[in-house]
Amino acid sequence: SAASDGFKGQVEDSKALRGPIPGCHCKNLFLRGKKNQMWLLCCRENLSVNLKEIGEKLGGQRLSFGSPERLLMYLGVTPGAVSHFALMNDLSQSVDVVLDKGMMSLSPLNFHPITNKKTTSISPNDLMKYIESCGHQPKIMELD
């Protein structure tokens with residue numbers, strides 16, 4: 001799809017710009033499910049994501065990419081800057097968080113810190129602490 005092709009280009013651009021940063025490089029997907037349920041999926045950057053399979057694991061959700069308008073409304077960021085760090089903007093805890101189990105076994109984890117012009121590293125334990133401090137209880141799922 002055009003949306004996933006655009007995302008693939010963003011990941012490739014990120015790889016070219018970041019240089020040799022050690023650790024697991026991660027991607028974040030802002031997704032919309034049924035009844036306007038919003039999801040933030042954090043996973044290894046090279047993981048091929050099957051939205052249909054993940055939706056089934058989440059109780060029959062029919063997932064699609066959330067629009068830039070929804071992303072701005074729920075997380076206060078624009079496309080290309082999606083990150084779990086933006087959960088601090090989700091004061092009503094409207095976005096459910098899914099973390100890749102394979103990602104959580106690696107350290108450090110590298111993410112964009114609400115801007116796609118920088119990369120920051122965090123341990124899996126500190127990632128969980130941060131997400132929970134924003135009022136979210138993430139689901140850890142096997143995604144591959």
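These questions and answers walk through a predicted model.

User: How are residues numbered, and what limits apply to this predicted model?
Analyst: Side-chain values use heavy atoms, without hydrogens or water. In this predicted model, local features need pLDDT of at least 70, side-chain atom pairs count only at pLDDT 80 or more, and totals for chains, interfaces and linings use all residues, while residues are numbered along each chain as its sequence is written, from 1.

User: How many helices and strands are in the protein chain?
Analyst: Helices (H or I, at least four residues) and strands (E, at least two) are DSSP runs, numbered from the N terminus. Along the sequence, the pattern reads α-β-β-α-β-α-β-β-β-α-β. The count is four helices and seven strands.

User: Is threonine 78 buried, partly exposed or exposed?
Analyst: Threonine 78 sits in the loop between H3 and S4. Buried means under 20% relative accessible area, exposed over 50%, and partly exposed in between (1.4 Å probe, protein chains only). Threonine 78 has a relative accessible area of 47%, so this residue is partly exposed.

User: What distance separates the C-alpha atoms of threonine 78 and asparagine 116?
Analyst: Along the chain, these two residues are 38 residues apart.
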